[in-house]
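Please read it alongside the sequence and the model.

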Amino acid sequence: MSTPSSPTLLVTGASGQLGGAVVRHLLDTLKVPAERLIVTTRSPDGLADLAARGVTVRAADFDQPDSLVAAFAGADRLLLVSTDALMEPGKRLTQHRAAVQAAVDAGVKHVVYTSLPSADTSHVSFAPDHWGTEQALSASTLGWTILRNAWYFENLAYSVPGALTSGEWATAAGEGRIAYIARDDLARAAAAALASDSNENQVLTLTGEQAWSARDVASRVSALTGKPLAVLDITQEQLIGGLTAHGFPPVLADVFASFDAATAAGDLGAVTDDYARLTGQSPTTLDAWLQANVDLLTKAH
Ligand SMILES: NC(=O)c1ccc[n+]([C@@H]2O[C@H](COP(=O)([O-])OP(=O)(O)OC[C@H]3O[C@@H](n4cnc5c(N)ncnc54)[C@H](OP(=O)(O)O)[C@@H]3O)[C@@H](O)[C@H]2O)c1
C-alpha cells in the first residue's frame, strides 16, 4: 500500500524508447522498489522482463478511454508520455485529454507530462497538441510538472546519414539553433520528476548546455567521420517538395518542414539549466554524444 512517503509511481508508454528508459532509471539509477512501480503500455507481453522484476504491468491505450481508469488505479504520481500519433492532426490531444481525465477519475495526485519547448507559441505543427495538454492539466484538479523536452540528439539520425551519403545537408532552418539533449538524459529527468516528493506545479524546459546550428553539427560530424558535409540552404517549399519526392506523405512532410521553420524562428534554441537543477547532473554534450553514436549517424537507411 502506498503512503505519502512511498507513493506508487506509474509510467505510461513503457515500451517506448523514452518510457522504457524512464523505467530503467527509476529502478536502477534511483533505486525505486519495483513494488512501487506500475507501467502501462499497449503491448504488455513486451514487458515480461519488468513483470519478472516485480513491476506491475498493465494494458493501457489512450484510444480506449473507458479502460484507462482501471489501468491508472492505485497510482499516486503518473508520467504521461506523449504519444507518437502524428498522422492525424489533433489526435494526440484527444488521447492526452482522455489520459488526464482518467488520472483525475483514478485519484492520481500529480502528473508529469512530456511537452516541447515554447509549447504555446512554437511553429512546430503539432505544438497545439502539447499546449492543449498543458492547458488540460492546469485546468484539472491534478498537480502537474510539465517537462518541455528539447529535441533529442537522436533526431540527427533522421537527417545526417543521408546527408553524409550525398555530402550535402539541405536545411530550411538557416542559422537557427537547436539546444539538443540526449533522450536518455530526458529519461533520467522524467524519472527524477516522477520520483520527486514535490507537488508544486512547474514548467521545466529541458535542454543541452548549448544550442547548435546545422553548420555547427555538420562541421563536427565531418571532422569525426572524415567525410565532407556541406550545408545547403533551401526554402520551406523546396524542403516539402524534396520530402514528398522521397515518398513522405504530405502530412508528414509538413510536420518535418515545420521543425525547420521552428528552428529558424528560434523556438528550439533556448538554453536553460532546468536539467541540472532537476537531476543534479550535467547533460551529455554534443561532442560526447557524437563520439558515442557515430555508428548511428553513418548507418545506411
Ligand atoms: N523531443 C524530441 O526530440 C522527440 C522526438 C521523438 C518523439 N518525441 C515525443 O516523445 C514521445 C516519446 O518518445 P520516444 O522516443 O519514446 O518515442 P517512441 O519510442 O516512438 O514511443 C512512442 C510512445 O507513444 C506511446 N503511444 C503511442 N500510441 C499510444 C496510445 N494509443 N496510447 C498510449 N500510449 C501510446 C507508446 O507507448 P506503448 O508503445 O508502450 O504503448 C510509446 O511510449 C513520443 O511519443 C513523442 O511524443 C519527442
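In what sense, left-handed or right-handed, does α9 pass α10? The crossing of α9 and α10 is right-handed, a crossing being left-handed if the near helix is turned anticlockwise from the far one by less than a right angle, and right-handed if clockwise.

## Basis of the model

This is a predicted model, in which local features need pLDDT of at least 70 and side-chain atom pairs count only at pLDDT 80 or more, while totals for chains, interfaces and linings use all residues. Residues are numbered from 1 along each chain as its sequence is written.

## Overall form

The chain's secondary structure comes to 13 helices and nine strands, where helices (H or I, at least four residues) and strands (E, at least two) are DSSP runs, numbered from the N terminus. The C-alpha trace spans about 60 × 35 × 35 Å along its principal axes. For 301 residues a compact globule would have a radius of gyration near 19 Å, and the 20 Å of the chain agrees with this; the radius is taken over C-alpha atoms, and the globule rule is 2.2 Å times the number of residues to the power 0.38.

## Helix α9 with helix α10

The axes of α9 (residues 236–245) and α10 (residues 250–265) come within 9 Å and cross at roughly 140 degrees; axes are lines fitted to C-alpha atoms, for helices over the stretch in contact, and angles run from 0 to 180 degrees between N-to-C directions. The contact of α9 with α10 divides into eight nonpolar, two polar and two charged residues, with Ala, Val, Leu, Ile, Met, Phe, Trp, Tyr, Cys and Pro counted as nonpolar, Asp, Glu, Lys and Arg as charged, and the others, Gly among them, as polar.

## Helix α4 with helix α5

Helix α4 (residues 91–105) packs on helix α5 (residues 127–139) at an angle of about 20 degrees, with the axes 9 Å apart. The two are therefore roughly parallel, since angles under 35 degrees count as roughly parallel, over 145 as roughly antiparallel, 65 to 115 as roughly perpendicular and the rest as oblique.

## Around the ligand

The shell around the ligand holds 26 residues, of which Gly13, Gly16, Leu18, Thr41 and Ser82 come nearest; a residue is near a molecule or strand if its C-beta atom, placed from the backbone, lies within 6 Å of it. Helix α1 (residues 17–29) gives the largest share of this shell, three residues.
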